[in-house]
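Here are my notes for you, point by point. Have the chain open while you read.

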Amino acid sequence: EMLLKENNNISYNMITDYWKDTGTPEDILHANMQILAKIKPYFYGKKDDDVSIEGSLMIGEGSLIKTGSRIKGPVIIGRNCLIESNTIIGPNTSVGDNSILSKCDVENSIIMKDCKIEGEFKIRQSLISSNSKIHVKKKIMAEKVFLLGEGTKISL
């Protein structure tokens with residue numbers, strides 16, 4: 001009503017394709033899964049010889065996947081990322097630019113840019129905002145779910 005009173009232009013567009021309201025973390029993860037299901041594989045990064053890759057993977061320029069890691073697509077890994085040895089990623093996981101993952105197991109999650117995640121533990125159904133750090137000192141068997149705001153630092 002305010003827009004009409006201020007004589008603003010009001011218009012609409014018909015959406016004929018898939019549409020999802022992303023009002024909850026679960027909705028955002030679902031939308032991520034829908035996007036990942038349609039990715040076309042490309043590989044601008046590098047990987048060591050003993051890396052297992054199944055399914056679709058998009059990996060950005062300057063990224064490196066080290067020996068003993070396993071990628072289960074669909075997965076997107078941004079630019080300048082480091083996936084350390086013995087790390088498992090996917091399926092349905094997006095990793096933002098300049099992130100470092102070490103020895104963790106991440107599935108059905110979004111990790112935004114400039115994150116550092118290290119330790120032997122499982123991350124599931126999680127949203128981890130930019131510049132967050134998670135450090136696990138001892139191996140944790142139980143799966144963990146995180147909803148972290150920007151710049152969060154956790155040590156377990």
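The points below go from the chain overall to a few residues.

1. First, the ground rules. This is a predicted model, where local features need pLDDT of at least 70, side-chain atom pairs count only at pLDDT 80 or more, and totals for chains, interfaces and linings use all residues. Residues are numbered from 1 along each chain as its sequence is written, and side-chain values use heavy atoms, with hydrogens and water left out.

2. On secondary structure, the chain has 2 helices and 20 strands; these are DSSP runs, with at least four residues (H or I) for a helix and at least two (E) for a strand, numbered from the N terminus. The C-alpha trace spans about 60 × 35 × 25 Å along its principal axes.

3. Of the 156 residues, 37% are buried. Buried means under 20% relative accessible area, exposed over 50%, and partly exposed in between (1.4 Å probe, protein chains only).

4. Now look at D27 in helix α2 (residues 25-36). D27 counts as buried because its relative accessible area is 18%. Leaving aside neighbours within four places in sequence, D27 is in contact (heavy atoms within 4.5 Å) with K20, D21 and T22.

5. What about aromatic pairs? Rings of Phe, Tyr and Trp (its six-membered ring) pair if their centres lie within 6.5 Å; planes under 30 degrees apart are stacked, over 60 edge-to-face, the rest tilted. The count comes to 2. Y42 and Y44 make a tilted pair, 4.7 Å centre to centre with 55° between the planes. F121 and F146 pair edge-to-face, at 6.4 Å and 90°. That pair links distant parts of the chain, 25 residues apart, and both F121 and F146 are buried.
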